[in-house]
Number of protein chains: 2
Amino acid sequence: MAKSKKIFTNTLRLLALAATVVAIVFMVTSHESAQVLNLTFTAKYSNTPAFKYLVIGEAIAGGYTVISILLSFKGLFWRLIVILDMVTTVLLTSSISAAVAIAQVGKKGNTHAGWLPICGQVPDFCDNVTIALIAGFAAAIIYSVLLLCSLYVVLSPIFVAIP
Amino acid sequence: MAKSKKIFTNTLRLLALAATVVAIVFMVTSHESAQVLNLTFTAKYSNTPAFKYLVIGEAIAGGYTVISILLSFKGLFWRLIVILDMVTTVLLTSSISAAVAIAQVGKKGNTHAGWLPICGQVPDFCDNVTIALIAGFAAAIIYSVLLLCSLYVVLSPIFVAIP
């Protein structure tokens with residue numbers, strides 16, 4: 001039972017790791033130049049703080065995921081892992097939310113603020129960012145499931161002693 | 001010990017409730033009109049999806065906080081409360097991150113995307129939004145502390161039975 005649980009959680013961690021890698025690769029490689037009114041402008045992730053935050057968040061989460069898989073074979077530190085899983089879930093949720101908010105402006109614009117959509121000019125950039133956002137969203141969902149599983153085990157009715 | 005813990009967590013919950021109420025009030029009441037090139041434009045929270053998401057997130061978190069304080073007196077449902085605290089923490093983090101990302105563009109603009117800052121035209125709107133963001137950030141921090149406290153209790157060394 002404990003072994004099948006470990007296989008299950010480590011499979012989820014590997015999926016989360018894959019998702020973070022895909023998010024980083026597609027975000028970092030997304031740049032495209034376009035000409036508007038004879039001016040060339042280049043769209044790239046590093047021009048937008050929220051996209052940089054996403055890359056940093058995914059990198060930290062990916063790095064932690066590798067460490068957590070290695071630690072899980074030791075069987076120690078499981079309490080620490082529950083806490084760090086929580087921190088990672090919050091970090092992933094925060095970074096994907098900020099990135100989606102900015103991407104939504106890039107896609108739809110905000111006429112009230114006078115911000116025009118840019119996806120018409122740089123469609124390939126937007127496609128890459130969309131894939132990165134989907135992968136980042138998947139990573140956040142997988143970590144939420146992992147955390148709920150950990151909490152479920154920790155909170156299972158065997159441990160009813162807490163008032 | 002259990003009683004002092006309950007007083008401590010309920011104090012944190014009351015603080016979180018106050019923070020969510022402040023965030024909602026300042027965000028909802030923030031609107032300002034400005035004239036730019038003989039055109040009048042009105043800045044209000046409902047023009048920005050991320051700000052609407054913040055208000056909805058804070059409202060759900062505030063409502064849940066009231067329910068969780070009432071339930072805490074029953075002493076039942078503590079397992080459910082740990083799970084719901086986690087969901088609330090993630091919701092608050094997500095909504096504040098999206099709102100901060102958009103507010104940063106409102107404050108600084110993004111020259112690469114051609115999005116101009118708007119805080120010069122509507123400073124009062126920006127001040128109100130800033131207060132709402134600080135309050136929303138405080139609510140997210142308080143809920144993170146609450147969740148860490150719950151996890152600390154649940155994971156305390158008395159319950160070492162899990163491998």
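**A serine and its surroundings**

Modeller: The side chain of S30(B) reaches the backbone oxygen of M27(B) at 2.7 Å, and please keep in mind that this is a predicted model.

Colleague: Where does S30(B) lie in chain B?
Modeller: S30(B) is in the loop that runs between helix 1 (2–28) and strand 1 (31–36) of chain B.

Colleague: And is S30(B) buried or exposed?
Modeller: S30(B) has a relative accessible area of 1%, which is under 20%, so S30(B) counts as buried.

Colleague: What does S30(B) touch?
Modeller: Leaving aside residues up to four places away in sequence, S30(B) touches A43(B), K44(B), Y45(B), F125(B), N128(B) and V129(B).

Colleague: Switching topic, which residues have the most contacts inside the largest nonpolar core?
Modeller: Those are F51(A) and F51(B), in a core of 76 residues. With residues up to four places away in sequence again left out, F51(B) touches M27(B), Y45(B), A99(B), I102(B), A103(B), F125(B) and V129(B).

Colleague: How many residues are in the other core?
Modeller: The other core, which lies apart from the largest one, has 16 residues, among them W78(B), V82(B), M86(B) and L151(B).

Colleague: Over to chain A, then: how do strand 1 and strand 2 of chain A pair?
Modeller: Strand 1 (residues 31–36) and strand 2 (residues 39–44) of chain A pair in the antiparallel sense over six bridges, and A34(A) stands opposite F41(A) in strand 2.

Colleague: What about the turn of that hairpin in chain A?
Modeller: Two residues sit between the strands of the hairpin, and L37(A) in the turn has a positive phi of about 55 degrees.

Conventions:
Residues numbered from 1 in each chain as written. Chains lettered and ligands numbered in written order. Predicted model: local features only at pLDDT ≥ 70, side-chain atom pairs only at ≥ 80, totals over all residues. Heavy atoms only, no water. Core = buried A, V, L, I, M, F, W, Y, C linked by side-chain atoms within 4.5 Å. Buried < 20%, exposed > 50% of the residue type's maximum accessible area, 1.4 Å probe, protein only. Contact = heavy atoms within 4.5 Å. Helix = DSSP H or I, 4+ residues; strand = E, 2+ residues; numbered from the N terminus. Polar contact = N/O pair within 3.5 Å; in protein donor to acceptor, adjacent residues only side chain to side chain. Pairing = 2+ DSSP bridges.
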